[in-house]
Amino acid sequence: MADLRVEGDVISAIGALTPRPGEPVIEAKGGILLPGLHDHHIHLAALAVRAASIDCGPPAVRDRDDLARALTQPGSGWLRGFGFCESVLEGTLPDASVLDTMVQHRPARLQHRTGRMWLLNSAALDELLAENTTPPGLERDGDRFTGRLFDEDAWLQQALAGTPPDFSQASADLARCGVTGLTDMSPRNDAVMAHHFAQQAECGHLAQHAVIAGRLSLVDAPQHGWRLGPAKLHLHEAALPDFDATCAWIAEAHAQKRGVAVHCVTEVELVFTLALFEVVGAQHGDRIEHASIVSPELAARMAALGLWACVQPHFIHERGERYLRDVEAQYQPDLYRLRSLLEAGIVLAGGSDAPYGSPDPWAAMRASVLRGTREGTPFNPDEALTPEQALALYLADPLDLSRQRRIAVGEVADLCLLDRPWREVRERLESADVRATLVSGKLVHQRIDESPVQRLARREAAA
């Protein structure tokens, strides 16, 4: 047990301290104080717009009738859905004509759960193509467009004349979970998006420290209100880039003194990535995003290269039953490994991939310990972590995942106070236990345990 003093944005003293006159005091009441949590893989803009969107996937939407009800919304403007999964329509992707049976008189776009595809109805196609050239990623069936739009977020944003969203609600939700920092991993992040992050931080709409990964051009953007993260390489197994050109791209990122973060959700993508690093050479900071399928042999190659991995432990809980149903049996033991990667000597960090997964880090910690699906089916339980190992995923330094952040004099005062001791927290791993969150010494979240009426009654009783 000890007191802690914050002055400015740093921890200035730890020990038996006497409050100074007028100094604000937060009573921990026996709760554990942790370094603030860091989400090492998030898509903040996409998370921010989700609040104004409709959930179109499991568990909220499970079948065609559920989807039709969800899309029955009053109004005449654009309708935006997220999280669509083929299981809703018995394993099929809808085309525009199918969506027209549910939404006919207003434009609608549904984002696939992977974030890589949009599904458009006819009204949406008509509006988007009226004044815009047809993008390569818009699927065609003969002389008609199906309404399936692949990997064309930049075109869609331009066609809709979209501007980046306000971050305030998403930031507040993260603060309630004790999150004091985030690494935005959107591969299209450029100077424009970096400027938006800076503006959001300056006006107080983004409380967390931000590390921004993305394009090579980010290196030239003024770093005000954010820090430069790795260069992001987003691979697609069906269309892998030219090998030599990609080696040159990695070498350029390394010349910028940046690590490279490579999206790997299939075995082929990981094999391709390891071959790249074995040719170019890996450097401190290079990392694998997701590491969805990693055989023991590939884990050994990752470790030999010194590659880090940013994992999403909650996917087993959120999507496990579908993995058990749809992923080939030979690959299931290699899905979202945790313990064996640590034992292979690979540095791990945790990221939500929100909005494509839950942004709650405590739910991810719990999932990494329990290793079961939402329905309770065990899923490779030998890969489970201890609660302490699970917590460590979110305490890594975002610019050096091999270093754990700690509470010490001179460290930045990014803090997460829980309402109970660790011996109880480790059995629950619940975000509801977060009492207060401080970013650079500033209180950005404090849980209110009493209603105004309860507080008034307590004060009157004491008077």
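**Figure 1. Aspartate 151, a partly exposed residue with a positive phi.** In this predicted model, aspartate 151 counts as partly exposed at 38% relative accessibility (buried means under 20% relative accessible area, exposed over 50%, partly exposed in between, with a 1.4 Å probe and protein chains only). Although aspartate 151 is not a glycine, its phi is positive, at about 50°. Look for aspartate 151 in the loop between strand S10 (144–150) and helix H5 (153–159); helices (H or I, at least four residues) and strands (E, at least two) are DSSP runs, numbered from the N terminus. Two notes on reading these views: residues are numbered from 1 along each chain as its sequence is written, and side-chain values use heavy atoms, with hydrogens and water left out. Because this is a predicted model, local features need pLDDT of at least 70 and side-chain atom pairs count only at pLDDT 80 or more, while totals for chains, interfaces and linings use all residues.

Figure 2. Arginine 371 is not a glycine, yet its phi is positive, about 50°. The residue is found in the loop between helix H13 (361–370) and helix H14 (387–392). With 1% relative accessibility, arginine 371 counts as buried.

Figure 3. Proline 59 has its place in the loop between strand S5 (54–55) and helix H2 (64–70). The bond that joins alanine 354 and proline 355 is also cis, and its omega is about 15°. Here the loop is the one between strand S17 (348–350) and helix H13 (361–370), where proline 355 lies.

**Figure 4. Strands S4 and S11, running parallel.** Strand S4 (residues 37–42) is mostly covered, with 6 of its 6 residues buried. S4 and S11 run parallel and are joined by 4 bridges (two strands pair if DSSP finds at least two bridges between them). Histidine 38 has glycine 181 as its bridge partner in S11. Threonine 180 lies in strand S11 (residues 179–184) and counts as buried at 2% relative accessibility. Leaving out residues up to four places away in sequence, threonine 180 touches Gly36, Leu37, Gln208, His209, Asp414, Leu415, Thr437, Leu438 and Val439 (contact means heavy atoms within 4.5 Å).

**Figure 5. The hairpin of S21 and S22.** Strand S21 (residues 434–439) and strand S22 (residues 442–446) run antiparallel, joined by 4 bridges. Leucine 438 finds its bridge partner in S22 at leucine 443. There are 2 residues between the strands of this hairpin, and serine 440 takes a positive phi near 50°.

Figure 6. The largest cavity holds about 30 Å³ of space. On a 1 Å grid over the protein atoms alone, a cavity is a set of points where a 1.4 Å probe fits but cannot get out, whereas a pocket is an open set with protein on both sides within 12 Å along at least five of seven lines; lining residues have an atom within 4 Å of a point. Grid points are joined across faces, edges and corners, and a volume is the space filled by probe spheres set on the points. His38, Asp39, Val179, Gly351, Ser352, Pro359, Pro361 and Tyr394 line this cavity. By class, the lining divides into 4 nonpolar, 3 polar and 1 charged (Ala, Val, Leu, Ile, Met, Phe, Trp, Tyr, Cys and Pro count as nonpolar, Asp, Glu, Lys and Arg as charged, and the others, Gly among them, as polar).

**Figure 7. The second largest pocket.** This pocket has a volume of about 910 Å³. Of the 28 residues in its lining, Asp3, Leu4, Arg5, Val25 and Ile26 lie nearest its centre. Strand S1 (3–7), strand S20 (415–418) and S21 are the elements that give two or more residues to the lining. The largest share, 4 residues, comes from S1. The lining has 19 nonpolar, 4 polar and 5 charged residues.

**Figure 8. Cysteine 203 and serine 168.** Cysteine 203 is found in the loop between helix H7 (191–202) and strand S12 (209–214). A relative accessible area of 45% makes cysteine 203 partly exposed. Cysteine 203 and serine 168 are 35 residues apart along the chain, and their C-alpha atoms are separated by 9.7 Å.
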